[in-house]
Amino acid sequence: YYPPQNFGMVEEDLYRSSAPTSVNFPFLDTLKLKTIIYLSPDDPSDKLYQFCEEQHIAVIRPTEDVTTQSKLMTLPEEAVIQSLDTLLDSRHYPVLVSCQLGRHKTGMVIGCLRKLQGWSLSSIFAEYQRYAGKTRVQNEQFIELFDRDLVLIPRESPAVWFTRLRETQHWIVESKQSSKQEQEQQQKEEGVEKGDRTGEKQYKERPNKGKREEVGRKEVSVPQGVGKGKIAELVEKKKGINVMEEEAGEESKWSLHPQRPLSTTASNAQYSTGADCDSDTKR
């Protein structure tokens, strides 16, 4: 069995490749295909048509009615949307997406599909380059600017992989919300415990009870409605009172201490005065 060139599995029962030839028909028979999306503007070969009729495979050509497609290097937006609508419907599975070489046009459709799946642009472009070999800037810009809201998701029979993707995304959203709620509840509990530990040190503004500002180990009571400048003035005044109290305490200490001796100069002067008195007496 020989698979077509650039063959690859995109999702479960979803494949991509170049245009199949007669050598690839035995391999395609093992895939049990129901639909082939052919994106090339040229008509498929007669052998491919014959094989599809024998195997009851539907051939969908989104670019069949586009007359200017042969002059363009990219797919029109209508063709991409039609292809994605087919890929999201499970009634068409298994599906093969193909173009002449399985590179750029197939890469555009698969890239827009990856965007529906929530892939990052770097991952989408890496997959595109892996199959195309070289990039086309206009194709990458098309994928980047493609509007996902243009694609209608079938309600009755969506693709199996898409249903699983939606369930996974819904579970992720719910888990994030629950974890966020748990975190908020934990923060509230920690805040209550912290408030109990700090007690009066935790700042709380209460009506008709004023504000308090710490100065060292003492507190200054400030009436409510007093501005910051007045608060600073009161704080400085309180500091001045504290300094005056400390100086008064120091003076009281010195008053209890015995009188200090006079300086050497003063004592010498006293002695000299006494000597002069004695000399005057003798005279």
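Aromatic rings of Phe, Tyr and Trp (its six-membered ring) are taken to pair if their centres lie within 6.5 Å, and a pair counts as stacked with planes under 30 degrees apart, as edge-to-face over 60 and as tilted for the rest. By this rule, the count for the structure comes to four aromatic pairs.

The model is a predicted one, in which local features need pLDDT of at least 70 and side-chain atom pairs count only at pLDDT 80 or more, while totals for chains, interfaces and linings use all residues. Residues are numbered from 1 along each chain as its sequence is written, and side-chain values use heavy atoms, with hydrogens and water left out.

In terms of relative accessible area, where buried means under 20%, exposed over 50% and partly exposed in between (1.4 Å probe, protein chains only), phenylalanine 7 is partly exposed at 26%, whereas phenylalanine 27 counts as buried at 15%. The rings of phenylalanine 142 and phenylalanine 146 have centres 6.0 Å apart and planes at 35°, so this pair is tilted. Phenylalanine 142 is buried, with a relative accessible area of 18%, and phenylalanine 146 is likewise buried, with a value of 5%. Ring pairs also link Phe7, Tyr15 and Phe27 into a cluster.

Strand 1 and strand 2 (residues 14-18) pair in the antiparallel sense over three bridges, and tyrosine 15 in strand 2 is the bridge partner of methionine 9. The hairpin formed by these strands has two residues between them, and within it aspartate 13 takes a positive phi near 65°.

Strand 2 is also joined to strand 5 by five bridges, the two running parallel, with leucine 14 standing opposite valine 95. Strand 3 (residues 35-38) runs parallel to strand 5 as well, joined to it by four bridges, and here tyrosine 38 stands opposite serine 98. Five of the five residues of strand 5 are buried, so this strand is largely enclosed by the rest of the structure. Val95, Val97 and Cys99 point one way from strand 5, and Leu96 and Ser98 point the other way.

Serine 98, which lies in strand 5 (residues 95-99), is buried with a relative accessible area of 0%. Apart from residues up to four places away in sequence, serine 98 touches several others, including Ser17, Ser18, Ile36, Tyr38 and Thr106, a contact being heavy atoms within 4.5 Å.

Among the cysteines, cysteine 52 counts as buried at 2% relative accessibility and cysteine 112 at 0%. With a disulfide taken as a pair of cysteine sulfur atoms within 2.5 Å, the count comes to zero disulfides.

Confidence is expressed as pLDDT, the predictor's confidence in each residue from 0 to 100. The protein chain averages a pLDDT of 74, and 59% of the residues score at least 70. Over residues 207-218 the pLDDT stays under 50, and the model has 24 contacts for them beyond four places in sequence. Residues 253-283 also have a pLDDT below 50, and this stretch has zero contacts in the model beyond near neighbours in sequence.

Key
Two strands pair if DSSP finds at least two bridges between them.
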